[in-house]
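Here is a short report on one structure.

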Amino acid sequence: MSEPSSDARKIIGWHCHVYFTRETRDVAVRLNESVQDAFRIWDYRWLDKGNPMHPAPMFRFQFLPEDLARFVEWITLNRDGLSVLVHAITGDNYFDHDYNAMWLGKPLTLDLEGLRRMEDSMARGELPKTLVPSTQVAAGAEAAGQVRYKPGDDPHLQSGPNN
């Protein structure tokens, strides 16, 4: 687990990952719709398979900082058995996914070294920087709730390698 540093961190937003399996994909599709009915979200991704960091399919999004308490209560009651990770966005992705992680349901084991490899690839321009939640906080908050997302939508795949 990452240890907190003595450097002060500021929470600039909140991020949520909702994990599912092939058998629970329909549950995730319904939850995806419900979360958009209840909250203004952005920085959305739907992944039908795991990636270098996340071991299972998921959808992820950001939500407004002022919605944290309401969101945690809502997702606790509506996750329908799915594993959910909620974490702060401080600009330190490793810290946020490890030390700052709040799990509802069964916690999954994240490959945090995979995160480091992804960040190295982004630094080299091999992956879009929009994969990093902190790059989407300011711009996304203004557009929150203006786009309706469905499985298969992935704005990150629309971005060029230098975004």
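How many residues of strand β1 (residues 13–19) are buried?

## Basis

This is a predicted model, in which local features need pLDDT of at least 70, side-chain atom pairs count only at pLDDT 80 or more, and totals for chains, interfaces and linings use all residues. Residues are numbered from 1 along each chain as its sequence is written, and side-chain values use heavy atoms, with hydrogens and water left out.

## Strand β1

Seven of the seven residues of β1 are buried, so the strand is largely enclosed by the rest of the structure. Buried means under 20% relative accessible area, with a 1.4 Å probe and protein chains only. Strands are DSSP runs of E, at least two residues long; helices are runs of H or I, at least four; both are numbered from the N terminus.

In a regular strand, side chains alternate between the two faces of the sheet. Gly13, His15, His17 and Tyr19 point one way from β1. Trp14, Cys16 and Val18 point the other way.

## Strand partners

β1 pairs with strand β4 (residues 83–89) in the antiparallel sense, over seven bridges. Val18 stands opposite Val84 in β4. β1 also pairs with strand β3 (residues 58–63), antiparallel, over six bridges. His15 stands opposite Gln62 in β3. Pairing requires at least two DSSP bridges between two strands.

## Helix packing

Helix α1 (residues 25–38) and helix α2 (residues 68–78) pack at about 150°, with axes 12 Å apart. That makes α1 roughly antiparallel to α2 (angles over 145 degrees). Axes are lines fitted to C-alpha atoms over the stretch in contact, and angles run from 0 to 180 degrees between N-to-C directions.

In α1, Leu31, Ser34, Val35 and Ala38 meet Arg70, Phe71, Trp74, Ile75 and Asn78 of α2 (heavy atoms within 4.5 Å).

Note on methods: Angles under 35 degrees count as roughly parallel, over 145 as roughly antiparallel, 65 to 115 as roughly perpendicular and the rest as oblique. Buried means under 20% relative accessible area, exposed over 50%, partly exposed in between (1.4 Å probe, protein chains only).
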